[in-house]
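Welcome! Open your viewer, switch to a cartoon display and get ready to select a few pieces one after another.

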Amino acid sequence: MKHMISILGSTGSIGRQSLDVIRKLRFGVSALAADSNVNLMEKQIREFVPEIAILRNEKAAAELRVRVFDTKTTVYGGENALIEAAAVGSAGTVITAVVGTAGLKPTLAAIDAKKRIALANKETLVCAGHIVMSRAAEKGAEIIAVDSEHSAIFQCLMAGRKGELKRILLTASGGPFRGKKRKELADITKEQALRHPNWSMGAKITIDSATMMNKGLEFIEAMHLFGARPEQIKGLVHPQSVIHSMVEFRDNSVMAQLGVPDMRIPIELALTYPERHDAVAPELDLTKLGALTFEEPDEDVFTCLKLARELAGRHDVSCAVMNAANEAAVSLFLEDRIGFLDIYELIKSAVDKFGGSAAGSLEDILDADTEARKFVFGRV
Ligand code: NAD
Ligand code: MG
């Protein structure tokens, strides 16, 4: 039977690369969902002919419906449609590639429908990791990481048994401002922050890489995915982005996963696991690499990473608040309304104000998320 996939966030960076993998592996598409890009969604519908296509923006969805009237695809609009797209019956796997907390409810819907989750949307685990992971265990839904570091850790862990893990070495490129002093970051422009040295990604994650909040989010993501304690995870700057992360076992044997920096490698594995299929991305030429280097992350400069690491073990809403405040602050930075260093200051103030309440239920988390956003947008 043909392997059928749904993609939430199909017009984005991960979404487009996922469709390239699907094209090359000759898998099928059940549902495509995105925010508002009518032109690209029309193209994707004509090539992949999904059962349903969703645009969150209702006006864009209405225009798309007219444009693809001659195809077999049914178009829906609105936020709730994203949740329905996540549960479409024919799909075996759902790729979660929307940005931010918007991915949380659809991910839970896909878990309830017992889909395999190819998880790119790390924010879902940062804000509600314990709820998502326990729901997945209860329903028997597999979660396979698309994030390159977590795909690497997943692969390295195959070399040992549960209980034999000593440490996860979570690698980071260090972003475009590696080696800078904190005061040198004050006047950073959006254009400078959007220039990542190794990876081409969506705007939000590119800014997260520049502040190193991305590594902070990934720290928390790793904790939830692999049941690791915060003290078992160590961030390590590796500017070449060739080793995508490592695992150290109790006998001090270290396993690493290497590959070119191309997200199609972890996307492909998340779709084909437990098998491996022919390569979609180019091979790694070790003779052309030169040196692979490693250094400690500078947490005095990259304070977002320090904050995330400190909050990681807490059981209250602080990670959800940090995540939501970060999303809001990054969007303000992208609109040139705040400076680069204000991102951290706004997040820290939001965490101090709202971080202490209990995270018992999904509602607690979503309420904290809303408060944190309101607070950040209210400060400018
Ligand atoms: P992107 O901005 O390029 O794409 C986001 C996609 O989600 C777009 O299709 C957009 O239309 C859609 N979308 C956004 N908000 C939506 C909403 N409310 N409803 C419906 N659709 C919505 O982002 P990206 O870089 O592809 O990142 C996607 C996710 O994957 C993020 O969580 C990111 O952290 C993670 N991730 C990305 C990369 C990468 O290389 N780009 C690597 C690892 C993890
Ligand atoms: Mg990553």
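This tour goes from a sheet to its helices and then to some cysteines.

Keep in mind that you are looking at a predicted model.

**Stop 1: the sheet.** Select strands S8, S9, S10 and S11. Together these four strands form an open sheet in the order S9-S8-S10-S11, and their pairing is mixed. Now colour S9 (233–237) and S11 (254–258): these are the edge strands, and each pairs on one side only. Turn the view and compare neighbours: on average, neighbouring strands of this sheet are turned by 20° against each other, direction ignored.

**Stop 2: one pair of strands.** Zoom in on S10, residues 243–249, and its partner S11. How many bridges join S10 to S11? There are five, and the two strands run antiparallel. To find your place in this pair, show Val-247, which stands opposite Met-255 in S11.

**Stop 3: the helices.** Next, select helix H7, residues 148–157. H7 lies across S8 (165–172), S10 and S11, and runs at about 35° to S10. Then pick helix H10, residues 213–226, which lies across S8 and S9 at about 150° to S8.

**Stop 4: the cysteines.** Show Cys-156: is this residue buried or exposed? Cys-156 counts as buried because its relative accessibility is 3%, under the 20% cut-off. Move on to Cys-304, which is also buried, with a relative accessible area of 3%. Cys-304 is in no disulfide, and the nearest cysteine sulfur, in Cys-319, is 13 Å away. A disulfide is a covalent bond between two cysteine sulfur atoms. With sulfur atoms required to be within 2.5 Å, the count of disulfides is zero.

Technical notes:
Residues numbered from 1 in each chain as written. Chains lettered and ligands numbered in written order. Predicted model: local features only at pLDDT ≥ 70, side-chain atom pairs only at ≥ 80, totals over all residues. Heavy atoms only, no water. Pairing = 2+ DSSP bridges. Axes fitted to C-alpha atoms, helices over the stretch in contact; angles between N-to-C directions. Contact = heavy atoms within 4.5 Å. Buried < 20%, exposed > 50% of the residue type's maximum accessible area, 1.4 Å probe, protein only.
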